[in-house]
Amino acid sequence: MAAYDLGIRNVTGYGDCAQVYNQVIGRWNVRQRKLVKLHQDVVDQINKLDNLFMVLAPRCDNRVALTLAREAIASQLNKKIEYHNQRDKSREEYCIICSEDIDVTQMHEIMTCLHRFCFSCMAQHVEVKLTHGCVPSCPHEGCNTKLTVDGCMKFLSSKWVEVWTKRLEEAAIPESNKLYCPHPNCSALMTLSGIDRTRQACSSSHPFPTAIGCTECHHCHKLFCIECRVPWHQGMSCQEYQRRAPLLHGVDAKLHLLAKNNRWRHCHS
């Protein structure tokens, strides 16, 4: 039905044939075998509508209304066809972040909330969030839908996929079990439980440092103190090192203590 294709769900129908009128409203049953299928098709179309109100009127009263209805329907259908032709021709969609018309093949749709943004804006959004240690979510204002690595593979480089994956792995580790390498240019993430297992499984062919608190970073392989969380203080016990630690005086000492207590990660220099 033309009305249904145009999104119209409430229809008033006018007709001048009493037989058809009574069959449509269900007052009479269709008995002619040839008309049964046609009648069923009409009923199926009517069931798609929310409301159908039928009016039986003389043909002379219907002629003008029918002409106007046909012209109106033809006009709307032509507009719809023209709109779709223009859209297919341009194949562009507006991105509300960069305010640019972007090719639809370069638009990303977030599956849960269905918000759409261009690949470039989505990539920048995710990279900024990951840089600040946050889990990326939909950039639409007021939307808290969390993004997924798999859902963003189309516009993310392999570097940022790896960063995101590491962020997720890091977030899954309890804070009490996290340990970062204290050496500059490393700060690799380790776990206390993993270090304990390594020490237990260490063989004589690959001796593990035996000094109390001394351990090895699995990434840079440098030694550090697991108790003090600093590079290994060779020739000093933890107590001796703590006594000399005030040499890190003033603001530096306060910042160092704050970072240690809050388990902040060391930045790469």
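Me: What should I know before I look at the model?
Reply: The model is predicted, so local features need pLDDT of at least 70 and side-chain atom pairs count only at pLDDT 80 or more, while totals for chains, interfaces and linings use all residues. Residues are numbered from 1 along each chain as its sequence is written, and side-chain values use heavy atoms, with hydrogens and water left out.

Me: How many salt bridges are there?
Reply: The count is three. A salt bridge here is a side-chain nitrogen of Lys or Arg within 4 Å of a carboxyl oxygen of Asp or Glu.

Me: Which residues are linked in a network?
Reply: Salt bridges link E93, E109 and R116. R116 meets E93 at 2.8 Å, N to O. R116 lies in strand β6 (residues 116–118) and E93 in strand β3, so this pair ties together parts that are 23 residues apart in sequence. R116 also pairs with E109, with the closest N and O atoms 3.5 Å apart.

Me: What counts as a strand or a helix?
Reply: Both are DSSP runs numbered from the N terminus: helices are H or I with at least four residues, strands are E with at least two.

Me: What does K166 pair with?
Reply: K166 forms a salt bridge with E162, at 3.4 Å between the closest N and O atoms. The two are four residues apart in helix α6 (residues 158–171), so about one helical turn separates them.

Me: New topic. Which residues make the negative patch on the surface?
Reply: E92, E100, D101 and D103 gather there. Strand β4 (residues 100–103) gives the most, with three residues. Patch residues have over 30% relative accessible area and no salt bridge; like charges are joined within 9 Å, and nonpolar side chains (Val, Leu, Ile, Met, Phe, Trp, Tyr) within 5 Å.

Me: Which residues make the nonpolar one?
Reply: Y94, I96 and I97 make a nonpolar surface patch of about 290 Å². I97 sits in the loop between β3 (92–95) and β4.

Me: And H233, buried or exposed?
Reply: H233 is buried, at 4% relative accessibility. H233 lies in the loop between β11 (230–231) and α8 (238–244).

Me: What does H233 touch?
Reply: Not counting residues up to four places away in sequence, H233 touches C225, C228, C238 and Y241. Contact means heavy atoms within 4.5 Å.

Note on methods. Buried means under 20% relative accessible area, exposed over 50%, partly exposed in between (1.4 Å probe, protein chains only). Accessible areas come from the Shrake-Rupley method with a 1.4 Å probe; for residues, only the protein chains shown count as cover. Lys and Arg count as positive and Asp and Glu as negative; His and the chain ends are not counted. The place of a charge is taken as NZ of Lys, CZ of Arg, CG of Asp or CD of Glu.
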